[in-house]
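Visitor: I'd like to learn how to read a structure like this one. Can you take me through it feature by feature?

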Amino acid sequence: MLFYVARRLAQAVPLVFVIILINFFLIHAAPGDPVFVLLGSMDTTPEFVERVRREFGLDQPLWVQFATYLGKILSLDLGYSLRFQEPVLGLILDRLPATLLLMGTALTVSSVVGILLGAIAARRPYSVTDHASTIVALAGYSMPVFWLGQIMLIVFALHLAWFPTQGMYSLRAPSEGWGRVMDIARHMVLPVITYSVYHLALVYRLTRVKMQETLALDFITTARAKGVPEGRVVFVHALRNAVLPVVTVIGLNFGFMLAGSVLTETVFAWPGMGRLLFDAIGARDYPVLMGLFTVLSLMVIIANVITDVIYAMVDPRVIYR
Amino acid sequence: MFHPSRRAVLAGTSALALGALAGPRARAQAPRRGGSLILALEGEPTSLTSHLATDTPAMMVANNIFNALVLLDEKLQPIPDLAQRWTVSPDGLTYTFELVQNATWHDGKPVTAADVEYTFNEILSKVHPRAGSWWPNVASARATGTHTFVFTLKAPFAPFLTMLGSVLSSGATILPKHIYEGTDPRTNPANARPIGSGAFRFQRWQRGSHIELVRNERYWKPNRPYLDRLVLQVLPDPAARLLAFERGEVDFLHWYIVPYDRVGQMRRDPRFQLLEKGDAAATNGLMLYNHRHQHLRDVRVRQAIAHAINRQTIRDRALFGEGKVAQSHIGSNVAAYFTPDFDYAFDPAKANAMLDEAGLRRGSDGRRFAVRIFWASGRDYEGRGAEIIRDNLRDVGVEATVQVFDRPSFIDRVFRQWDFDLAMQLFTTGPDPTISVTPRYHTRQIQRAPFVNGMGYSNPETDRLFDAEYRETDVPKRAAVWRDIQRNLMRDLPALPLFELPPIHAASAKFGDVVTGPQGYIQSREDAYQR
């Protein structure tokens with residue numbers, strides 16, 4: 001197993017290289033000059049613009065810049081942010097926990113709740129409950145994140161005033177220890193729901209279909225005939241088989257969720273990587289963009305490996321060499 | 001809406017009524033100490049100092065941590081900050097500043113003239129983006145005593161004190177020599193963990209979330225500041241920002257981020273106060289003309305377009321009736337130099353006649369020629385303005401199309417590639433026109449750099465006036481030169497002034513004196529207090 005994981009990770013190296021190559025040239029193909037953004041909202045002299053450009057090495061030909069960048073990345077140096085004048089790695093690591101917290105929670109909630117609801121719905125297909133939940137799931141599946149986020153804010157934060165509108169902590173009365181945990185949890189409710197809805201709907205729909213198929217199979221009939229309790233039939237016998245493709249989808253969801261973090265974190269002013277990415281695009285902060293894309297693609301690759309490992313644990317038929 | 005209890009509402013309104021009745025007496029009492037003020041930032045600051053960039057978020061933080069030599073009052077006149085007194089020699093060449101004796105850095109060391117000398121000679125003149133616009137006039141800047149400091153100029157420079165007092169223009173807050181000496185001022189870690197002499201000390205910068213400042217217990221100004229904490233929260237999304245303000249999670253929205261369509265509603269809401277003052281920058285919204293365009297290069301065409309555009313409608317519909325129609329290239333609150341005498345009337349018939357006269361007759365389809373109007377996303381009123389202009393131009397047979405870009409792409413198109421016809425842009429015109437107007441329209445400013453003469457406007461006579469006016473230190477005489485400059489600019493039309501951006505800050509009614517000076521959005525909150 002360890003050998004397999006190591007081999008999968010080694011296979012990812014050329015992939016990461018290609019990702020870096022494509023990202024680098026795509027980002028630099030976008031119009032706009034980071035130096036102009038950097039200098040702020042007032043006028044300046046072209047000499048000053050040129051000087052700053054020289055200092056950042058932005059006057060070099062693109063392929064030279066790329067070679068320099070690759071050289072640095074091999075020594076795990078993601079470079080300096082043009083905008084913040086600080087190491088990119090530090091900026092990303094500062095933001096990583098907030099994103100992982102939000103995303104991890106949303107991924108867990110959407111997966112667990114989605115599978116449970118799917119399993120329950122499959123027991124009585126085409127009933128009123130099933131139709132109702134299918135309609136709700138379809139709606140959730142097709143709702144744009146930024147729109148849903150706004151609606152959640154207006155209803156639950158502004159009108160009902162149950163939750164704060166934005167941020168990760170209450171800034172008026174900062175708290176420590178357990179109070180701080182509860183404070184962050186309160187701030188997480190709306191973004192987690194917004195974040196989860198799409199994936200929950202996806203997992204629910206898939207589980208339901210797979211469960212329906214599985215529940216119609218002979219071994220289920222046998223189990224029921226043997227007098228196995230219905231709960232055990234559904235959640236042990238059937239779910240274990242039905243959940244296999246769902247595991248793959250959850251692994252894929254991880255990548256989509258990273259992409260979705262840009263929208264969710266911007267709407268809820270969540271201080272994570274998605275916001276950093278959004279800001280970096282606006283400022284044409286090339287090193288931060290490159291660093292983020294590299295870290296994000298590494299995370300997706302690692303998530304895929306983890307998915308495969310989990311798959312092996314769930315499905316005894318899979319053998320790794 | 002936020003629903004406070006009925007009792008709280010009643011208590012709140014009666015307190016407000018009492019406050020209104022008490023008026024002057026209430027103001028005579030010293031404001032109470034304590035409380036936290038939360039201000040919204042439109043983006044993450046690049047640093048927490050003002051010497052590197054001119055972005056608003058950085059300035060909003062830096063001005064609370066640092067002091068300048070002088071500041072500006074509402075009439076844009078210099079008032080003391082670190083410099084308690086100053087004298088100007090009769091020839092206008094020597095400026096002598098006497099610093100306060102009791103100012104200290106947040107780490108306890110005294111603030112001396114050596115810090116001032118180091119800040120100007122080794123930091124601002126070398127790394128501030130705008131230093132090129134005024135530093136070349138300086139012959140020397142040196143400390144002549146522990147608390148005296150002297151600037152010597154090469155030639156008289158009328159707006160010199162205004163420049164120093166306008167942190168937005170010069171970035172001139174004083175930095176500690178002992179922290180910066182022997183380091184690169186661009187990458188010094190103190191840029192993100194600043195040590196200043198100001199009313200508030202740096203506490204923490206939670207990246208992407210907020211910056212927290214706390215009261216400087218040893219602040220050298222007596223009884224200041226009143227607040228215990230200042231929190232500057234990063235809220236980039238306009239809709240979320242507004243919700244946070246309406247819910248009372250943030251207490252202050254500065255004027256660039258107050259949406260004009262909500263101003264009327266906020267004005268009627270007792271939970272909020274609108275602070276309609278404090279624009280030393282006197283910002284105008286303009287439409288730039290590209291003087292390289294085959295038709296727009298003809299002054300008659302530019303003037304015809306000026307007559308074709310209904311700027312009153314732009315003010316009423318794009319700015320929801322806030323602000324004023326701009327009548328010149330200097331804003332009306334730079335009162336000493338502004339003149340409305342060379343403005344254009346809205347007159348489509350005249351516009352049609354002038355376009356005919358310029359040889360651009362309507363074709364069989366009723367069209368004369370085509371132009372593109374560019375704007376940068378982010379300021380919705382510029383987009384609405386562009387659409388009104390498109391309709392106005394179509395009425396006189398000019399086929400206009402509106403295109404929107406994200407800001408970096410827009411700046412690249414307009415100010416570097418010069419690839420535009422008409423473009424919506426904000427330009428500051430104050431606190432002094434030499435600082436803010438000359439850099440846009442002088443021939444030597446036809447440069448591939450942001451916010452300068454990308455229009456390609458060149459008039460040798462205007463250049464001569466620009467080159468002469470700042471040596472004149474007598475205000476009425478200088479104003480006469482600026483009258484000539486405004487006549488030329490309004491006649492030649494490098495750009496058409498559309499509206500004066502109204503300075504409207506929104507604050508929670510719980511706080512007093514949040515805005516006291518002419519740079520209300522970036523000023524220090526040392527006078528602010530919680531009621």
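**Cores, contacts and charges**

Guide: Let's start inside: the largest nonpolar core has 136 residues, and those with the most contacts inside it are B:L69, B:F97, B:F120, B:F151, B:L253 and B:L393. A nonpolar core here is a set of buried Ala, Val, Leu, Ile, Met, Phe, Trp, Tyr and Cys residues joined through side-chain atoms within 4.5 Å. Buried means under 20% relative accessible area, exposed over 50%, and partly exposed in between, with a 1.4 Å probe and protein chains only. Helix α4 (residues 113-127) of chain B gives the most to this core, with seven residues.
Before going on: this is a predicted model, where local features need pLDDT of at least 70, side-chain atom pairs count only at pLDDT 80 or more, and totals for chains, interfaces and linings use all residues. Residues are numbered from 1 along each chain as its sequence is written, chains are lettered from A and ligands numbered from 1 in the order written, and side-chain values use heavy atoms, with hydrogens and water left out.

Visitor: Which residues is B:L393 in contact with?

Guide: The general idea is that nonpolar side chains tend to be buried together in soluble globular proteins. Contact means heavy atoms within 4.5 Å. Leaving aside neighbours within four places in sequence, B:L393 is in contact with B:I305, B:A308, B:I309, B:V371, B:I373, B:V398, B:A400 and B:L422. There is also a second, separate core of 102 residues, which includes A:Y169, A:A280, A:L292 and B:F451.

Visitor: How many residues of helix α8 of chain B are buried?

Guide: Seven of the nine residues in α8 (238-246) of chain B are buried, so "mostly covered" is the reading by the cut-off above. Helices (H or I, at least four residues) and strands (E, at least two) are DSSP runs, numbered from the N terminus. The buried residues of α8(B) are B:A240, B:R241, B:L242, B:L243, B:A244, B:F245 and B:E246. After α8(B) comes B:G248, with a positive phi near 80°.

Visitor: Is B:H106 buried or exposed?

Guide: B:H106 counts as buried, at 12% relative accessibility. Its place is in the loop between β5 (94-99) and α4 of chain B. A polar atom of the B:H106 side chain lies 3.0 Å from the backbone oxygen of B:G198. Not counting residues up to four places away in sequence, B:H106 touches B:I65, B:I195, B:G196, B:S197, B:G198, B:F200, B:R201, B:N216 and B:R218.

Visitor: Which residue forms a salt bridge with B:D527?

Guide: That's B:R224, with the closest N and O atoms 2.5 Å apart. B:D527 lies in the loop between β20 (511-512) and β21 (529-530) of chain B and B:R224 in the loop between β9 and β10, so the pair ties together parts 303 residues apart in sequence. B:R224 is partly exposed, with a relative accessible area of 27%.
Then there's B:R311 with B:D343, a salt bridge at 2.7 Å, N to O. B:R311 is buried, at a relative accessible area of 4%, and B:D343 is partly exposed, at 26%.

Visitor: How many residues does the contact take from chain A and from chain B?

Guide: It takes 49 residues from chain A and 60 residues from chain B. Buried area is the accessible area (1.4 Å probe) that two parts lose on being put together, summed over both. Between chain A and chain B it is about 4800 Å², of which carbon and sulfur atoms give 54%. The count between these chains is four salt bridges; A:E86 forms one with B:R207, the closest N and O atoms being 2.2 Å apart.

Technical notes: A salt bridge is a side-chain nitrogen of Lys or Arg within 4 Å of a carboxyl oxygen of Asp or Glu. A polar contact is a pair of N or O atoms within 3.5 Å; within protein, one must be able to donate a hydrogen and the other to accept it, and residues adjacent in sequence count only if both atoms are side-chain atoms.
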